[in-house]
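Please look over the sequence and the fold shown below before reading on.

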Amino acid sequence: MSPRGWALLTLVGLVAALVVTVAVLIPWQRPPAPRADQLAALDELPRDQVSRGREFRAALRPGGWVALGIGLLVALALGLTPLGSRLVELVGRPFGGHWAAQAVLGGLTVVFVADLVTLPFAAWRHTVLTRYGLATNSWGGWTVDLLKSYVVSAVIGAVALGGFYTVIRLAPRWWWAFGAAGAAGLVMLLSFVFPVLVEPVFNRFTPMGPSPLRTELMELAARDGVPVRDVLVADASRRTRAVNAYVSGLGPTRRIVVYDTLLREATPEEVTAVVAHELGHAKDRDVVVGTLTGALGAAAAVVALYLLGFVAPLLRMAGVDSIDQPRAFPLLLALVTVAGLVSTPAQALISRRIEARADAHALALTRDPGAFVAMQRRLAGINLADPDPPRLEYLYSASHPSTVERIAAARAYARKTSR
Ligand SMILES: [Zn+2]
């Protein structure tokens, strides 16, 4: 069988593995959150909080969609016309057109250009966040964060691009197989290394001092069978008013991280409810499942890109003779961008199901639906959420159940357990 035949077979196997993983490991059965309870929850929320959340989301909406559209158009313009391949060539010229320069510098330039066109929208978003009091950082702080994220992406991108095109040179016929394995490996590496290496670039973490809350959280984790080493406080307040908490690390390095904003704004019972939700993610190994599906998806994408390289019209449009040259990178980026936009609703649905399970875990662990509801109301108020967002937008990209869904689930739980 030819490499192409093997690739087709591998793609079928990877997609089948992905489908089975998602079908088996995602909690499709979600706890009940009756619409009647949702509407009652909406009714009980303060009027001005609901209208302010809706106003804020409406203010963000046009720029968000336009940025998405322009990002797509630019990716397509670079990938499906010879523009991108010429840009890669141009960047490689001072280095005598060396493949490594084209691959790494050319590739990074293409990504950067595609990113740069949406930068005005990111800045505009920051003005909206500042106007509504959600962002607390100055333009200086915002710029520093932006530059830091560029540096982090450039380092990861350079390693990925350099590695990818080296493999293509070493194994011209079978690169897709090594590339698929490498992409899967990179996803796993980033998922486990990223929190440890990259979190400290953006936030400072200090251990939470001895307090009844700290004792309560450590005990909660132990009772849940998810022992943690420490409770850390992140200094998120220097850029945002938004509140959050998460559990990161595995086994002996596992720790609870709480935003300082959460400690400042919420009662200890509500902080406990948030942490109980996060412990649910740790207990159900949601990061592991997410990493596994991400790794399978990345591997399948590499093989699919290799096979798309046999579609002559695509190559003609991009002005390249084969998909495995650095000049064809803009074409790869365009295809990946389209795939990302198309798969967003599926990823959002999977995320919402996982979040609903973590909520159910929090309710069962704390047995305190009252604190859970209070926490949801507070979260929605501080983060200026639309408690019951427009249906289409929710289906396309909501990563969490809506506020009214989460409160409805708590009400249903309270009814069930009080019986
Ligand atoms: Zn969660």
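This is a predicted model: local features need pLDDT of at least 70, side-chain atom pairs count only at pLDDT 80 or more; totals for chains, interfaces and linings use all residues.

Residues are numbered from 1 along each chain as its sequence is written, and side-chain values use heavy atoms, with hydrogens and water left out.

Helix 5 covers residues 99-116, and at 1.5 Å a residue its 18 residues should span 26 Å, which agrees with the 24 Å between its end C-alpha atoms; the expected span is 1.5 Å times one less than the number of residues. At G106 helix 5 bends by about 25 degrees, the bend being the angle between axes fitted to the seven residues ending there and the seven starting there. G106 is also one of the buried residues of helix 5, among them A101, V104 and V110, where buried means under 20% relative accessible area with a 1.4 Å probe, protein chains only. These buried residues pack against helix 3, helix 4, helix 7 and helix 14.

The axes of helix 15 (residues 369-382) and helix 17 (residues 403-418) come within 9 Å and cross at roughly 170 degrees, and the two helices are therefore roughly antiparallel to each other, a term for angles over 145 degrees. Their contact (heavy atoms within 4.5 Å) involves residues including F372 and R377 of helix 15 and I407 and Y413 of helix 17.

Y394 lies in helix 16 (residues 391-397) and, at 6% relative accessibility, counts as buried. Leaving aside neighbours within four places in sequence, Y394 is in contact with R352, P389, H400, P401, S402 and E405.

Notes. Helices (H or I, at least four residues) and strands (E, at least two) are DSSP runs, numbered from the N terminus. Buried means under 20% relative accessible area, exposed over 50%, partly exposed in between (1.4 Å probe, protein chains only). Axes are lines fitted to C-alpha atoms, for helices over the stretch in contact, and angles run from 0 to 180 degrees between N-to-C directions. Angles under 35 degrees count as roughly parallel, over 145 as roughly antiparallel, 65 to 115 as roughly perpendicular and the rest as oblique.
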